[in-house]
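Short notes as I go.

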Amino acid sequence: MEKFSSLARFKSSCPFLGGTKTSTLRALGSAISPRFPSISQLTERAASCPIMGPALVMRSTQMVAGYASVAGQADVQNIHHSKGIFPGTSVSEADISKCPHASAARAAARMADDLAAASTAKAPEAKKEVPSTAQRAAAAGCPFHKAAAAKEQPVKLSDVTKTQTTPATSDAYNYDKFYAAELEKKHKDQSYRYFNNINRLATKFPVAHTASVKEEVQVWCANDYLGMGNNPVVLETMHRALDKYGAGAGGTRNIAGNSAMHLGLERELATLHRKESALVFSSCYVANDATLSTLGSKLPGCVYFSDASNHASMIQGIRHSGAKKEIFKHNDLDDLEAKLKKYPKDTPKIIAFESVYSMCGSIGPIKEICDLAKKYGALTFLDEVHAVGLYGPRGAGVAEHLDWESHQMAGQTSEPIKDSVMDRIDMITGTLGKAYGTVGGYVAGSRDFIDMIRSYAPGFIFTTSLPPATVAGARASVIYQKHHAGDRALKQVNVRTVKERFAALDIPVVPGPSHIVPVLVGDAGLAKVASDKLLCEHGIYVQAINFPTVAVGEERLRVTVTPRHTAEQIDGLITAMDTVFTELNINRISDWAKLGGRASVGIGKEIVEPIWSNAQINTAGQPQTLHDGDVALVDVNAVQVVRKSFEDLLGPIELSETETVQMKVEAVLMTGAVEHIAGALPKKVKAPRVPVNPIDMPVAPTIAVSA
């Protein structure tokens with residue numbers, strides 16, 4: 001990939017670089033040439049330059065010769081022989097694919113071929129014959145290419161050029177031109193999306209490596225809110241299910257893909273929300289789309305009332321239903337009621353809204369919307385995607401959180417709590433891919449409602465069901481979080497810390513009572529540059545969010561704080577963000593105040609009471625932020641419940657002597673009675689496959705949480 005920082009130095013001397021936006025150069029450098037797949041679109045353009053073209057071709061030719069020329073050296077021969085490869089014996093024994101360095105040579109040669117073709121692509125009359133990769137390498141002495149080269153004929157450049165540049169028919173529609181024009185629109189309005197190569201490491205959460213496995217960064221924007229994607233009992237359950245049931249589901253739900261794992265997860269989710277039934281989809285985007293489109297198309301004369309800030313999946317579902325819709329201002333009860341009044345009470349109506357709005361952090365007025373729904377005869381559809389696992393004593397979402405004491409007293413019963421907020425919601429959707437750390441989505445509601453969606457929704461009927469191991473992991477995660485509130489409580493502690501420290505530095509965070517930390521930038525290009533600087537200069541990955549996800553002029557960096565981020569990592573984030581804001585001269589709170597405010601920043605409303613109270617956080621035992629080198633708590637009771645829940649399908653877990661003693665010790669520790677523990681553990685013990693100690697158990701086996 002081109003070094004964009006280096007390219008900037010040559011803008012004054014190169015007409016093309018000087019007249020092209022950096023964002024366009026970045027896009028060209030990131031996109032593979034459709035005509036020459038070994039080079040980027042930017043390199044393809046450079047190849048046609050009278051100065052750069054010959055230089056690129058010469059350099060690539062030198063690289064090919066360099067790779068091929070070492071093939072006959074004694075040291076390389078020894079490498080071949082050590083691999084059981086003897087060049088020159090036969091084609092079968094000295095196949096090109098077995099050469100230890102041939103892959104690099106082939107890649108370099110392919111690039112040379114493409115550069116040569118790109119640099120002369122505008123001269124189709126040329127008749128020069130171009131040696132192939134194998135022929136060029138063979139000429140330089142590589143024994144692995146000789147056999148392949150003997151079977152090949154030279155390729156005429158004119159034939160290559162003709163194939164690549166001549167359309168099938170002169171009057172055919174130019175599809176490539178259409179694609180390019182659509183992409184150019186995205187570049188011009190700065191809404192083009194860039195996808196960073198980020199590979200989260202199971203043993204080092206929240207650390208990931210980039211395209212280079214040796215380059216590690218901290219992830220500050222993932223939706224694995226609680227780190228359940230590498231919780232040991234979740235991984236253990238998935239491994240066991242994979243070993244027993246294999247990789248895939250085998251089909252759609254009504255054709256070989258309806259397993260006990262799927263049914264068990266649906267029962268778990270129904271119990272979580274104290275509803276009669278639930279239905280699992282491949283994602284919550286699909287769950288929202290399928291449910292809203294099916295329901296709206298079946299209810300005669302249905303009218304949707306949709307919050308202006310609803311997620312794209314809800315917007316698409318309503319659109320696909322063909323039903324009439326009314327869009328009310330975000331969280332504006334007066335506007336909603338004014339629109340409800342327009343229709344007779346006997347008109348089927350559905351109010352669709354969210355509990356936590358993921359880009360601004362606001363929380364929907366759920367109870368008040370339920371009041372309006374009852375008054376005007378409407379159903380309620382609540383998206384709890386960014387709330388399940390994170391709110392409520394059992395993690396059922398904001399609807400449960402609003403009646404904390406009642407749900408806490410009710411425990412794990414599946415029975416609804418009459419007149420509670422969650423009981424008044426008709427349909428609840430959620431995801432398994434955020435706080436629960438796996439993948440999938442679902443909808444919960446009455447038995448007949450769920451059965452109707454199951455029977456009519458194409459997005460459910462015609463989709464291959466989720467793999468059993470994935471479903472098992474999701475269920476394990478849900479069970480674990482139902483029995484352990486410590487993760488979500490510690491997350492809230494860390495979120496408060498980050499918000500307070502940003503505020504102390506005048507760094508603008510869109511105010512809200514939830515866990516969302518949206519740092520306002522206010523310009524798409526600036527947000528992208530800020531994201532790049534954080535990643536490249538500070539090793540911190542925070543994705544820039546732009547239109548259409550947020551309004552133009554409200555672009556932001558959406559920071560996600562987890563219970564696994566350490567105090568030292570938080571220090572690093574705060575320092576890096578402050579540095580980037582200074583270097584790029586990004587508006588701070590005081591600057592937005594002078595401009596009249598934007599996105600609720602700079603209007604004197606920065607302090608918002610969080611939905612989690614101090615008392616609720618302390619029910620988890622006053623959780624403390626981790627430090628580098630600390631290990632993360634994994635609750636032994638929750639682990640035992642998960643394992644017990646899967647005994648009917650996966651069998652019991654055979655505990656080692658260590659685990660059995662540790663469980664007994666920790667059961668005592670968790671009650672506060674700590675006497676007579678010394679010497680309880682045997683002197684020599686075999687390390688268990690998955691640790692279970694709730695005090696010092698690493699979230700990844702034998703690996704401590706560290707930055």
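I started with the largest cavity, which holds about 90 Å³ of space. My model is a predicted one, where local features need pLDDT of at least 70, side-chain atom pairs count only at pLDDT 80 or more, and totals for chains, interfaces and linings use all residues. I number residues from 1 along each chain as its sequence is written, and side-chain values use heavy atoms, with hydrogens and water left out.

For me a cavity is a set of points on a 1 Å grid over the protein atoms alone where a 1.4 Å probe fits but cannot get out, and lining residues have an atom within 4 Å of a point. Points are joined across faces, edges and corners, and volume is the space filled by probe spheres set on them.

I looked up the lining of the largest cavity and found R253, H262, F281 and T463 among its residues. By class I get four nonpolar, six polar and one charged (nonpolar: Ala, Val, Leu, Ile, Met, Phe, Trp, Tyr, Cys, Pro; charged: Asp, Glu, Lys, Arg; polar: the others, Gly among them).

The second largest cavity has about 30 Å³ of space. I see F205, C221, D224 and H565 among its lining residues, and the classes come to five nonpolar, three polar and one charged.

**Cysteines**

I searched for disulfides (cysteine sulfur pairs within 2.5 Å) and found zero. C302 is buried at 4% relative accessible area, while C536 is exposed at 66%; buried means under 20%, exposed over 50%, partly exposed in between, with a 1.4 Å probe and protein chains only.

Conventions:
1 Å grid on protein atoms, 1.4 Å probe; cavity = no way out; pocket = protein on both sides within 12 Å on 5 of 7 lines; lining within 4 Å.
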